[in-house]
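Here is a short report on one protein model. Keep the structure open beside the text as you read.

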Amino acid sequence: MREYSIAAIPADGIGPEVIAAGVTVLESLQKRLGDVRFNVETFDWGSAYYRKHGVMMPTDALARLKTFDAIYFGAVGAPDVPDHITLWGLRLPICQGFDQYANVRPTKILPGITSPLRNVGTGDLDWVIVRENSEGEYAGCGGRVHRGLPEEVGTEVAVFTRVGVQRIMRYAFRLAQSRPRKLLTVVTKSNAQRHGMVMWDEIADEVSKEFPDVTWDKMLVDAMTVRMTLKPQSLDTIVATNLHADILSDLAGALAGSLGVAPTANIDPERRFPSMFEPIHGSAFDITGKGIANPVASFWTAAQMLDHLGERDASARLMRAVEKVSGVGIKTPDVGGNATTKQVTDAVVDAIYSSNE
Ligand SMILES: NC(=O)c1ccc[n+]([C@@H]2O[C@H](COP(=O)([O-])OP(=O)(O)OC[C@H]3O[C@@H](n4cnc5c(N)ncnc54)[C@H](O)[C@@H]3O)[C@@H](O)[C@H]2O)c1
């Protein structure tokens, strides 16, 4: 029996709904496969914890999480707690504390899901966006002086280090190399940002020499939005800075049908620490508690987690089940269906049990 310890942090809004659905699906895989066990421990950290204790998670949180094989995260954000507190109090300290520097965001149009792009269907859009996840525009470097006075100043400094850029470029080139098309697009903004972004371009060029079999090109981030929309077939693996990839991957999620199907993995490629798996979406106040949150992003990120743990068979089974269910039209309202979270989850569980592959 192969056993894995998983720390679940459902947190806020629809986070608990989609993580509960994901845990149900993991349990069904465990039963179906018989030789693997997922020991899930759930932590109640998030905005409710903050209202009670004044912090989003306890001070020893990272020490406790460190003992797990992986972290399965829902979403943070509440209408009555400022976003910079929720984000910097929970999600970012985990990503940064565990040096999860590669944020991996696959996007494709699942069967049965209609892209808002005309004439673009399953197979036309199949990307993986690699987001630098440890520095850049979200390094947290900056400050405010003369608060509240007319001369107040706020700075937000983007920090790019040679080590940081080199390691994300290597990760992206290696990932591109492992995919059939061996195609990488490096997103930049070196026309307007002439320091960090020019270094980013130079390091991409240097690292590319280590991967002669990968075809790569460079795109300014503004032009990239146009290419993603008008020529989605021309892209495969994409690498971008923390901010650029944050924005581009929301666009990618929307082009693939809904944010509700978009997953992400925060990976420590060196495996010194547990990696963290989560849907891209936030806590979605508008649909919280209605039972209609799309659980597909949380299933897909669970599949990424299984892959990372080396459980490739379980991962492939889960994705086959998800694609089968979306293909027969069992879908939540955000992707044009009328099923509930529970109905989609039950259908995926059934597909896992009934599959003989
Ligand atoms: N990683 C995170 O935890 C994360 C990411 C983004 C936003 N947030 C936070 O979430 C809160 C709400 O942010 P927002 O409204 O900008 O983004 P959001 O992702 O929560 O919602 C955007 C829209 O997408 C829809 N949506 C999102 N996930 C869905 C799902 N699974 N099924 C169906 N529809 C879905 C929502 O209903 C909403 O209309 C804010 O506090 C924000 O800071 C957190």
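Now sort the shell by class. Ala, Val, Leu, Ile, Met, Phe, Trp, Tyr, Cys and Pro count as nonpolar, Asp, Glu, Lys and Arg as charged, and the others, Gly among them, as polar.

## About the model

This is a predicted model, in which local features need pLDDT of at least 70, side-chain atom pairs count only at pLDDT 80 or more, and totals for chains, interfaces and linings use all residues. Residues are numbered from 1 along each chain as its sequence is written.

## The sheet

Helices (H or I, at least four residues) and strands (E, at least two) are DSSP runs, numbered from the N terminus. Two strands pair if DSSP finds at least two bridges between them. Here 10 strands form an open sheet with mixed pairing. Their order is β2-β1-β3-β12-β11-β4-β5-β10-β8-β9. Strands β2 (36–42) and β9 (215–220) stand at the edges with a single partner each, so one side of each has no neighbour in the sheet.

Look at β4 (residues 102–108) and β5 (residues 126–132). They run antiparallel and are joined by 7 bridges. N103 stands opposite R131 in β5.

## Two helix pairs

Axes are lines fitted to C-alpha atoms, for helices over the stretch in contact, and angles run from 0 to 180 degrees between N-to-C directions. Angles under 35 degrees count as roughly parallel, over 145 as roughly antiparallel, 65 to 115 as roughly perpendicular and the rest as oblique. The axes of α9 (residues 296–308) and α10 (residues 312–327) come within 7 Å and cross at roughly 160°. The two helices are therefore roughly antiparallel. Their contact residues (C-beta atoms, placed from the backbone, within 7 Å) include F299 and W300 in α9, and L318 and M319 in α10. By class, this contact holds 10 nonpolar, 2 polar and 2 charged residues.

How do α1 and α11 cross, at what angle? The axes of α1 (residues 15–33) and α11 (residues 341–354) come within 9 Å and cross at roughly 15°. That makes α1 roughly parallel to α11. Among the residues that meet are V25 and L29 in α1, and V348 and I352 in α11. This contact divides into 7 nonpolar, 4 polar and 2 charged residues.

Conventions:
Two residues are in contact if their C-beta atoms, placed from the backbone, lie within 7 Å.
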